[in-house]
Amino acid sequence: MAVPEVKYSQLFINNEFVNSVSGKTFPTINPTTGEKICDIQEGDKADIDLAVKAAKEAFKRGSPWRTMDASKRAEYLLKLADLLQRDVEYLASLETVDNGMIITMSRGSVNRAVGMIRYYAGWADKIHGKTIPLDGKLFCYTRYEPKGVIGAITPWNFPIAVMMRKVATALACGNTIVVKPAEQTPLTALYIASLVKEAGFPAGVFNVVPGYGPTAGASLSEHMNVDMVTFTGSVQVGKLIQQASGRSNLKHVALELGGKSPNVVFADADLDYAVEVSHGALFCHSGQVCCAGTRTYVQEGIYDEFVKKSAERAQKRITGNPYDEKTESGPIIDTDQVSKIMELIESGKNEGAKLQCGGKRIEGKGNFIESTVFSEVTDDMKIAREEIFGPVQQIIKFKTLEEVIDRANDTEFGLAAAVITKDIDKALAIANSVRAGVVWVNTYGVVDHHAPFGGYNMSGVGREGGEESLSEFCEIKTVVIKVPEKNS
Ligand code: ADP
C-alpha cells in the first residue's frame with residue numbers, strides 16, 4: 001500500500017480550514033522512516049481562543065445545534081460514521097504513516113470508531129432523567145443537559161480511536177467540541193474534520209487545533225469558556241490539566257492515564273495459550289498501549305518453561321514495515337520515546353533482571369526496538385514500577401494467590417488487570433480483589449465502547465465508553481414543581 005497523499009494540514013475552526021494566527025508550522029514525522037511527512041499549521045493560545053469562541057457560539061441558546069431534536073443529532077452522527085466507513089482505507093493509511101501503527105490495526109481502529117459513533121448515535125435520543133418521589137406535594141424530575149464546550153486533548157498512540165470515543169460521546173449528548181490532537185499525530189483528526197463538514201454538522205460544533213501541549217493544550221485546559229476537558233495521556237500531564245482547571249473555572253476534568261497492569265498466569269493454565277495471550281498483552285502496538293500487560297506474574301511451577309516459550313515467541317515476532325500485512329510490530333512513535341525505552345532497558349539490566357532476548361535498537365531508518373523479554377524481575381525494579389510504553393516484557397515469579405493479589409495492587413496505577421487460569425475461584429478472586437478499572441479473564445486487551453473503561457488510583461478519573469460516560473458529558477439538573485393542593 002502506498003503512503004497516502006495528505007489533504008489537510010490547516011486548523012479546522014467553524015467548519016473552515018484556516019492557517020494559524022501566528023502563521024507558524026510544525027513538522028509531522030513518519031516514524032517508520034524518520035522523514036518529514038509535511039508541515040502542519042501550529043495552533044496556540046490565539047487559535048484556541050478562536051476555536052472556543054466558535055464552539056461557544058454553536059452552543060448558544062437558540063442555535064441550530066441547541067434547538068435540534070436529539071434524533072436529528074443522531075442522524076448527523078450516523079452520516080459521519082458512514083463517511084468514516086467509506087474512507088476506511090485512506091484513513092487507515094494516514095494513521096499508519098503518521099503513527100507507525102500496523103495497517104491491520106489502523107483499519108481496525110477506523111472500524112471501531114465507526115462502531116463507537118453508531119453506538120453513541122443510538123444513545124442521543126435516549127439520554128433522559130427520572131421522576132423522583134419527593135416528600136410533600138411536589139413533582140420532581142431530572143434532566144440530562146449537555147455541559148457546553150468540551151476540550152478534548154488526545155494522545156498519539158491511538159489517534160482515531162481515542163479521539164472518536166470522546167467526540168462521539170460529547171456530540172451525542174449535545175455538546176460542542178475543540179480537539180487538540182497530539183503533536184506527533186495530527187493528520188487523521190484533520191481529515192475527520194473534513195468528514196464532519198461533509199456530514200453537514202453546523203459550523204462550530206467540531207473544531208480541531210493541532211499544536212503542542214504546553215501551548216495549545218495548556219490554553220484549552222485553562223480556558224474560562226471551556227466547560228470540561230477530556231484527556232488521555234500521561235499522569236504528569238493529567239495532573240497539569242487538573243491544576244489548570246483549579247486555576248481557572250473549575251471545569252470538569254475526565255482523565256484516562258497510564259498503567260502498569262498485572263497479568264497473572266496460574267500454573268493450571270494452558271501454557272501455550274497463556275504465553276500467546278501474555279505476549280499479545282504486552283507487544284501489541286509495540287507496547288505503546290496504556291493498558292498493556294506489563295507485569296506478567298507467573299506461578300512458580302511453570303515459570304521457567306513460560307519464560308523460555310515467551311522468549312522464543314518474542315524472537316519470532318515480525319517487526320518492521322507497518323504497511324506489510326504480515327508485520328506484527330511497527331516503529332516506536334519518536335526518538336524521545338526510543339531513548340526513554342532504551343534507558344529503562346538499561347536500568348533492567350543494571351538492577352539484575354535477566355535479559356532473555358532483544359534489548360537493542362534496530363539499526364537503520366526509523367525508530368525500531370527489538371522485542372525484549374526480561375525474567376528474574378522483582379517488584380522493586382524500575383522496569384516493574386514505571387510505565388515503559390515500549391516492547392519490553394517483564395516476567396515476575398509468584399507463589400500463592402494471596403501473595404499475588406497484594407503484589408498486583410502494590411502500584412500507583414489501576415487501569416487494567418488480567419488472570420489466566422482454568423480455576424473459576426482463582427479468576428473470581430483476582431477479578432474481585434485487584435484494584436483496576438477492568439479485569440480480563442483468559443483474554444487480554446478487550447476495550448469495547450459498549451462497556452466503561454477507566455482507571456483506579458493514578459490511572460485516571462471518570463469512565464469512557466458505555467452508558468456510564470454519558471453522565472461525564474452531561475450536567476444533571478433537578479426540577480422541582482409545587483403541585484397545587486387541589487390537584488394532588
Ligand atoms: P505521552 O506521554 O503519551 O506523549 P502526554 O501526556 O505527554 O502523553 O501527551 C498527551 C497529550 O497531552 C498530547 O496531545 C499533548 O500535546 C498534550 N499535552 C502535553 N503537555 C500538556 C500540557 N501542559 N497541557 C495540556 N496538554 C498537554
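Which residues form a nonpolar patch on the surface? They are Ile132, Leu134, Leu138 and Val480, with about 280 Å² of accessible area together. Patches like this are built from residues with over 30% relative accessible area and no salt bridge, where nonpolar side chains (Val, Leu, Ile, Met, Phe, Trp, Tyr) are joined within 5 Å and like charges within 9 Å. Accessible areas come from the Shrake-Rupley method with a 1.4 Å probe, and for residues only the protein chains shown count as cover.

A word on the model: it is predicted, so local features need pLDDT of at least 70 and side-chain atom pairs count only at pLDDT 80 or more, while totals for chains, interfaces and linings use all residues. Residues are numbered from 1 along each chain as its sequence is written, and side-chain values use heavy atoms, leaving out hydrogens and water.

Let us stay with isoleucine 132, which sits in strand 5 (residues 131–132); strands here are DSSP runs of E, at least two residues, numbered from the N terminus. Isoleucine 132 is partly exposed, at 32% relative accessible area, a class that lies between buried (under 20%) and exposed (over 50%).

Now step back to the whole chain. An automatic or database assignment gives domain 1 (11–257 + 455–477) and domain 2 (262–441). Their contact, meaning heavy atoms within 4.5 Å, takes 31 residues from domain 1 and 30 residues from domain 2. The two domains bury about 2500 Å² between them, 60% of it on carbon and sulfur atoms; this is the accessible area (1.4 Å probe) lost on being put together, summed over both parts. Ile102, Trp156 and Tyr456 supply 23% of the area that domain 1 buries against domain 2, more than any other three residues.

Two salt bridges are counted between domain 1 and domain 2, each a side-chain nitrogen of Lys or Arg within 4 Å of a carboxyl oxygen of Asp or Glu.

Methods
Helices (H or I, at least four residues) and strands (E, at least two) are DSSP runs, numbered from the N terminus. Buried means under 20% relative accessible area, exposed over 50%, partly exposed in between (1.4 Å probe, protein chains only).
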